[in-house]
Amino acid sequence: MDLDLKQMVAMVDIIAEEKNLPKETVIDVIQQAIAAAWRKDNGDKDMDVRCELDLNTGEADIYIMREVIEDDVAYNPATEIPLAEAKGKQIGEFVEEKHKVEGFGRVASQTAKQVVIQRLREAERDAVLAMFEDKIGSVVNGTIVRVEPKIVRVDLGKATGIMPKSEQIAGEFYAVGSRLKVFIKEIERNERGAQLILSRGCPQFIEYLFRQEVPEIENGSVEIKAIAREAGRRTKIAVAATMPGIDPVGTFVGGRGVRVQAVMNEIGDREKIDIVNWSDNNSEYIREALSPAEIQKVEIDGKHATVYVAKDQQSIAIGRVGQNVRLASDLTGFEIDVEVAKAPEKKKKKNVEDSLLSAIEDSENEESAEE
C-alpha cells in the first residue's frame with residue numbers, strides 16, 4: 001500500500017476548500033506527513049527531517065539536518081556528523097543532506113495518512129479557535145454537550161470549549177442540552193493542541209453581567225474598582241462614582257434591587273453579592289470591605305491591617321469559615337487580621353458617704369484658712 005504523492009498534491013485545493021484552511025497550511029501538513037513516513041522507513045526518530053514538495057511534478061525531496069561536532073565519531077549519527085565529514089562546515093554549524101523520495105512501505109504509508117488526518121484536524125481546530133481570539137473577555141451563549149467529572153463541554157456553534165471544575169460555579173447543576181451563558185476566558189495552547197477555556201466562576205463573569213445591567217458604567221458615571229469572588233458562595237464588589245451626587249452602591253443595586261437581582265438570577269441565589277463603596281482611604285475601604293461587620297478601629301502597617309471589633313461582631317467580620325475576611329483581603333489587597341477590641345476601663349464611682357465627708361473636710365479647711 002504505497003503512498004501516492006501525485007494524488008495527495010491533486011487533493012490540496014479540495015482539502016483546503018472543505019476544511020476552510022489556507023492552501024499553504026494543507027501543503028505544510030502533507031510535507032510533515034511525508035517527512036514522518038520517510039523517517040519511519042529510512043531514518044531514526046531523533047532525526048531533524050523536513051520535506052519539500054513540488055506541486056507541479058508531485059515529487060518530494062527530504063532534507064536531514066546534522067550538527068557538526070569536533071569528535072571523529074558521531075555518538076548520535078541521527079543528529080550529529082564528525083568535522084572530517086562536514087565538507088567545509090565548522091563545528092556547531094549544520095550540514096543538510098538531501099534525499100529523493102522514491103516510495104514508502106505499508107507501515108510508513110499508514111503513518112503518513114495518520115499524520116495527515118491528525119494535523120489537518122489540529123489545523124482546522126486552530127483556525128476555528130482563531131475566530132474566537134477577539135471574543136476573549138466576552139460572554140456568549142452555549143449548549144452543554146457533555147458533562148464529565150472534571151470538565152463540562154460546551155458547544156458554542158462553530159467551536160466547542162471546556163469549562164474546568166475550577167471555572168464552574170460551586171453547587172450549580174449542569175445537564176446535557178441545557179443552554180447557558182459562559183465567559184470566554186482564554187485559548188490555552190500546549191503540546192496537545194489548542195483548547196477554548198470557558199468560565200462561569202471567574203470575577204470577570206460577574207463584571208460582565210453587571211455591565212449588561214448598569215448602563216451608567218458605559219457612560220462613565222460609575223465604575224467597578226475591584227471584585228473578589230468565591231463562585232457559588234459569595235462575591236464582594238467595590239464600586240465608585242466619578243461624578244458628584246451619584247450613589248454608586250444604589251446605582252448597582254437598582255430600584256428595589258432589580259439590577260443586582262438580574263445578576264443573581266444568572267449565577268443562582270446561593271451566591272450572595274455584597275456591593276460596597278470603594279475609597280482611596282485605605283482605612284475606610286477596609287471598613288467597607290468587611291461589611292456587614294461594624295469596625296471600631298483599623299491599624300495599617302504596610303500591606304497588613306489589623307481591625308478591632310466588638311466581641312459580638314467578631315464572627316460577622318470573619319464570616320463562615322473565614323469567608324468574609326478572606327474576600328475582604330482579596331478585594332482590598334491587604335492581609336487582614338480581626339481582633340476583639342478591649343473594653344475601656346470603668347472609673348470607680350464614689351459612694352454618697354465618701355462624697356459628703358469630702359465636702360465637709362473641704363469646708364473645714366476653708367474656715368481654718370480664713371481664721
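Which residue in S14 is the bridge partner of Lys297? I looked it up: Tyr308.

I am working from a predicted model, where local features need pLDDT of at least 70, side-chain atom pairs count only at pLDDT 80 or more, and totals for chains, interfaces and linings use all residues. I number residues from 1 along each chain as its sequence is written, and side-chain values use heavy atoms, with hydrogens and water left out.

**Open sheet.** I took helices (H or I, at least four residues) and strands (E, at least two) as DSSP runs, numbered from the N terminus. I counted two strands as paired if DSSP finds at least two bridges between them. I found three strands in an open sheet, ordered S13-S14-S15, with mixed pairing. S13 (297–301) and S15 (335–340) are the edge strands; each has a single partner strand, so one side of each lacks a neighbour in the sheet. From one strand to the next, the twist averages 20°. I then checked S13 against S14 (residues 304–309): they run antiparallel, joined by five bridges.

**Helix over the sheet.** Helix H9 (residues 282–289) lies across S13, S14 and S15. I read its direction as about 120° to S13. Axes here are lines fitted to C-alpha atoms, for helices over the stretch in contact (heavy atoms within 4.5 Å). Angles run from 0 to 180 degrees between N-to-C directions.

**Hairpin.** I moved on to S10 (residues 222–230) and S11 (residues 234–241), which run antiparallel with eight bridges. Arg229 stands opposite Thr235 in S11. Three residues separate the two strands of this hairpin. In the turn, Gly232 has a positive phi of about 90°. I also checked cover: seven of the nine residues in S10 are buried (under 20% relative accessible area, 1.4 Å probe, protein chains only).

Notes: Buried < 20%, exposed > 50% of the residue type's maximum accessible area, 1.4 Å probe, protein only.
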